[in-house]
Amino acid sequence: MPLITPEAFVLGLSAIAAACIGLAAVGIGLGQGYAAGKAVEGVARQPEAQGDILKTMLVGQAVAETTGIFAFLISMILLFVNPLVGML
Amino acid sequence: MHDLNHLGPRIIVGFGDGSVFITETVFFAMIVAAVMIVLAFWSTRRMEQQPKGKQVIVEMIVEGIYKLTEGAMGKHNSHFAPYVGTLFIFLLLSNSLGMWGFRPVTADVNTAFALSLTTAFLMQYNGIRTMGFIGKIKHMSSPYPFMFPLKIIEELSFPISLGFRLFGNILGGAIVMALIFTALETGSHALHLPIPLLQAVIPLPFNLFFDVFEPILQAFIFTMLTMVFVSMEIIIHGTEDHH
């Protein structure tokens with residue numbers, strides 16, 4: 001069996017790690033969907049407050065999305081900047 | 001611009017031996033600032049008591065900003081409205097530069113963190129101005145003294161998350177647009193089209209999302225979080241002090 005060079009090994013594992021970070025999307029989908037459901041309930045209870053409820057829901061969802069953005073940034077850095085290869 | 005191998009901002013001018021340089025981020029930020037100043041001067045020429053024409057629109061915008069500030073921070077804090085308005089309009093214009101074919105100004109981590117550092121400085125300054133330095137330390141260790149390091153970590157992590165949220169969202173949008181354009185370009189080459197036909201109409205809904213909806217949402221959220229946290233530093237003083 002041919003041997004793998006160290007760079008290829010590190011690059012391959014970086015790619016796997018960058019893909020596994022996608023698991024963060026599970027939590028975000030659940031959290032944002034739950035907040036949207038509660039917002040819809042609020043609008044159903046009081047339709048004239050729809051503008052305020054929409055604004056509050058958007059702010060809450062953007063705050064909940066922050067962890068997903070952190071995960072996205074880490075995976076982008078792993079894929080395009082390749083910091084671990086430089087440490088070989 | 002849509003090159004996947006060069007995702008960072010390009011260097012325009014290098015001083016000295018090239019270690020001090022100006023990137024296109026600074027260049028476009030100055031252009032956005034110049035556009036804002038020109039618009040401000042152009043719209044306030046010859047103001048009249050009975051407004052008509054462009055003065056109506058500008059007065060609507062300013063009234064809207066003041067209403068937003070007073071709604072989030074209370075009537076006694078309406079002197080923050082100029083900063084809030086400038087922040088909102090600057091973010092709106094900077095994030096949607098992708099629509100004109102340029103790299104968005106806030107897709108650079110330096111710009112996003114400069115804005116969030118300004119907000120953090122405003123928060124701390126207002127906290128110290130209303131509570132005093134000793135009062136602020138006493139407030140941070142208010143229920144139990146061991147909360148002090150936790151509160152310090154919270155105060156430090158808020159500007160970092162604010163900056164990263166803005167930077168990550170806008171850079172993510174720019175990267176996805178670059179990916180879409182590269183995919184369509186490969187498709188055009190595979191079909192041997194003389195003109196890039198596939199890239200003409202198909203990216204439009206993605207442009208609508210990433211260059212219109214996302215900039216407005218991120219500008220709004222940055223502004224709302226700024227207002228809420230700055231007003232939190234001031235409200236706490238009002239409930240604990242007797243004037």
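Biologist: Two residues are in contact if their C-beta atoms, placed from the backbone, lie within 7 Å. How many residues of chain A are in contact with chain B?

Modeller: Ten from chain A, meeting eleven of chain B. This is a predicted model: local features need pLDDT of at least 70, side-chain atom pairs count only at pLDDT 80 or more, and totals for chains, interfaces and linings use all residues. Residues are numbered from 1 along each chain as its sequence is written, with chains lettered from A and ligands numbered from 1 in the order in which they are written.

Biologist: Which helices of chain A supply at least two residues each to that side?

Modeller: H3 (50–64) and H4 (66–80) of chain A. H4(A) gives the most, with seven residues. Helices here are DSSP runs (H or I, at least four residues), strands likewise (E, at least two), numbered from the N terminus.

Biologist: How does that side of chain A divide into nonpolar, polar and charged?

Modeller: Nine nonpolar, one polar, no charged. Nonpolar covers Ala, Val, Leu, Ile, Met, Phe, Trp, Tyr, Cys and Pro; charged is Asp, Glu, Lys and Arg; the others, Gly among them, are polar.

Biologist: What is the secondary structure of chain A?

Modeller: Five helices and zero strands. Its C-alpha trace spans about 70 × 25 × 10 Å along the principal axes.

Biologist: What percentage of chain A is buried?

Modeller: 7% of the 88 residues. Buried takes 20 or more other C-beta atoms within 10 Å of the residue's own, exposed 12 or fewer, partly exposed in between; C-beta atoms are placed from the backbone.

Biologist: Over to chain B. How far does H6(B) reach?

Modeller: H6(B), residues 147–190, reaches 62 Å from first C-alpha to last. That is close to the 64 Å expected for its 44 residues, at 1.5 Å times one less than the residue number. Just after H6(B), His192(B) takes a positive phi of about 55°.

Biologist: Why does E1(B) lie largely in the open?

Modeller: Because zero of its five residues, 11–15, are buried. E1(B) runs antiparallel to E2(B), residues 20–23, with four bridges joining them. Pairing takes at least two DSSP bridges. Ile11(B) stands opposite Thr23(B).
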